[in-house]
Amino acid sequence: MFPEMSTVTHAIEISNMIEPVESRTNEPIEWACLKRDHKVYAFLAQGLASFPRKDCLSEALGASSTDNYPDESIQNTLEPSDRIGQRASYWSSKGEIDSAVPETLTYKLMAKLCVITEIHIQPFQVYFQFGSPIYSAKAVRFLMGHSIAGMEAQMEGDVSSAAQESSHEKFVWTYVSPEFPMAHENCLQKFKLPEPVLCIGGILQVQLLGRVQKQEIDSLYYICVSHVEVVGRPATPAFDVEILDQSGKCMLRHNPEQHLCSNNRSPQCESSCPPRIHRFGASIRGWEHMILNTLLGARGIMVNDYDYDGEDDDSDDQYN
């Protein structure tokens with residue numbers, strides 16, 4: 001489903017501890033490890049195949065430049081409207097003589113594991129200038145990746161203009177999309193990726209390539225954006241990743257307790273958890289078979305069926 005998962009190391013942490021593998025039969029420990037690992041990936045695959053949502057952005061991290069900070073900050077692009085009360089809401093770059101100078105907008109996604117399918121961008125039409133010009137870009141491109149180890153803590157809490165403009169130096173990009181032409185129109189423009197991309201690390205950057213509109217008062221080229229939204233599927237809170245090095249190798253963490261109930265669950269939720277566990281376990285068996293066969297495919301071994309709970313279940317028959 002997602003070749004990006006090849007960067008995950010073999011160790012899988014569960015509840016912040018490496019889960020011990022104890023084989024209750026005579027099967028080899030390696031086989032028990034494979035069964036344990038593919039259960040985790042089955043839960044992950046089930047979650048990443050859910051319905052997409054349009055609010056995958058968590059926060060704005062920085063822009064390559066900002067004309068009037070904070071009034072024209074990248075933070076405004078998180079708002080769905082180009083007006084908040086009587087105030088215009090948009091991000092504006094600094095002006096440039098050269099129309100080829102690019103700009104970037106960098107965001108943090110809702111989760112460090114997130115499947116992205118589309119990015120939507122609306123250029124800003126400056127209705128308070130003569131002629132209501134639209135400051136769009138010529139084209140856009142999208143990058144996804146992760147922060148450099150140790151840099152994420154430094155970015156938190158620093159919302160100054162200088163900090164935002166230098167934030168692009170703190171990331172490693174593992175995916176670069178093709179370029180998409182942007183229309184010179186005041187509308188939410190949708191850019192669908194060639195195929196869904198699994199972002200490991202939770203960082204997305206919008207590259208705005210080329211400028212088309214001069215500002216009459218200073219004859220400089222600007223780019224202005226009123227709104228950015230990302231369509232995708234974030235992994236459930238039960239999953240997290242820790243980036244181990246700049247090559248992108250990472251540790252996948254899985255906390256099964258997060259799948260069903262939150263920390264503040266009600267008695268009704270607690271009483272309903274056991275049957276939900278049973279139903280969810282049955283629903284992912286199809287994923288389990290596919291993933292386990294993929295893991296063992298290189299050895300020429302195919303697994304028709306097995307019960308990961310160690311108990312017989314008639315519900316398996318529907319997948320045989």
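Select N76. Leaving out residues up to four places away in sequence, N76 touches P70, D71, R87, S89, Y90, W91 and S226; contact means heavy atoms within 4.5 Å. What you have open is a predicted model, in which local features need pLDDT of at least 70, side-chain atom pairs count only at pLDDT 80 or more, and totals for chains, interfaces and linings use all residues. Residues are numbered from 1 along each chain as its sequence is written, and side-chain values use heavy atoms, with hydrogens and water left out.

**The loop around N76**

N76 sits in the loop between strand 3 and strand 4. Helices (H or I, at least four residues) and strands (E, at least two) are DSSP runs, numbered from the N terminus. Is N76 buried or exposed? N76 counts as buried because its relative accessibility is 8%. The cut-offs are under 20% relative accessible area for buried, over 50% for exposed, and partly exposed in between (1.4 Å probe, protein chains only).

Step to Q75, in the loop between strand 3 and strand 4 (83-84). Q75 counts as partly exposed, at 33% relative accessibility. A polar atom of the Q75 side chain lies 3.2 Å from the backbone oxygen of A60. Now set a distance from Q75 to Y90: the C-alpha atoms are separated by 8.3 Å, with the two residues 15 apart along the chain.

Go back to P70, also placed in the loop between strand 3 and strand 4. The peptide bond joining Y69 and P70 is cis, with omega about 5°.

Focus on strand 8. Of its 11 residues, 10 are buried, so strand 8 is largely enclosed by the rest of the structure. Strand 8 pairs with strand 12 in the antiparallel sense over eight bridges. Pick I116 and find V197 opposite, in strand 12. V115 has L198 of strand 12 as its bridge partner. Strand 8 also pairs with strand 16, antiparallel, over nine bridges. There, I121 has V228 as its bridge partner.

**The cores**

Which residues have the most contacts inside the largest nonpolar core? They are L105, I121 and L208, in a core of 31 residues. A nonpolar core is a set of buried Ala, Val, Leu, Ile, Met, Phe, Trp, Tyr and Cys residues joined through side-chain atoms within 4.5 Å. Strands that each supply at least two residues of this core include strand 7 (103-109), strand 8 (113-123) and strand 13 (203-211). Center on L105. Beyond its neighbours within four places in sequence, its contacts include I74, W91, L208 and V228. A second, separate core has 19 residues, among them M5, Y41, L44 and L113.

**Helix 1**

Select residues 29-48. Helix 1 has 20 residues and reaches 29 Å from its first C-alpha to its last, close to the expected 28 Å (1.5 Å times one less than its number of residues). Helix 1 is mostly covered, with 14 of its 20 residues buried.

**Two positive phi angles**

Most residues other than glycine have a negative phi. S132 has a positive phi of about 50°. S132 lies in the loop between strand 8 and strand 9. Finish at S219, with phi near 60°, in the loop between strand 14 (213-215) and strand 15 (220-222).

Definitions and conventions
Polar contact = N/O pair within 3.5 Å; in protein donor to acceptor, adjacent residues only side chain to side chain. Pairing = 2+ DSSP bridges.
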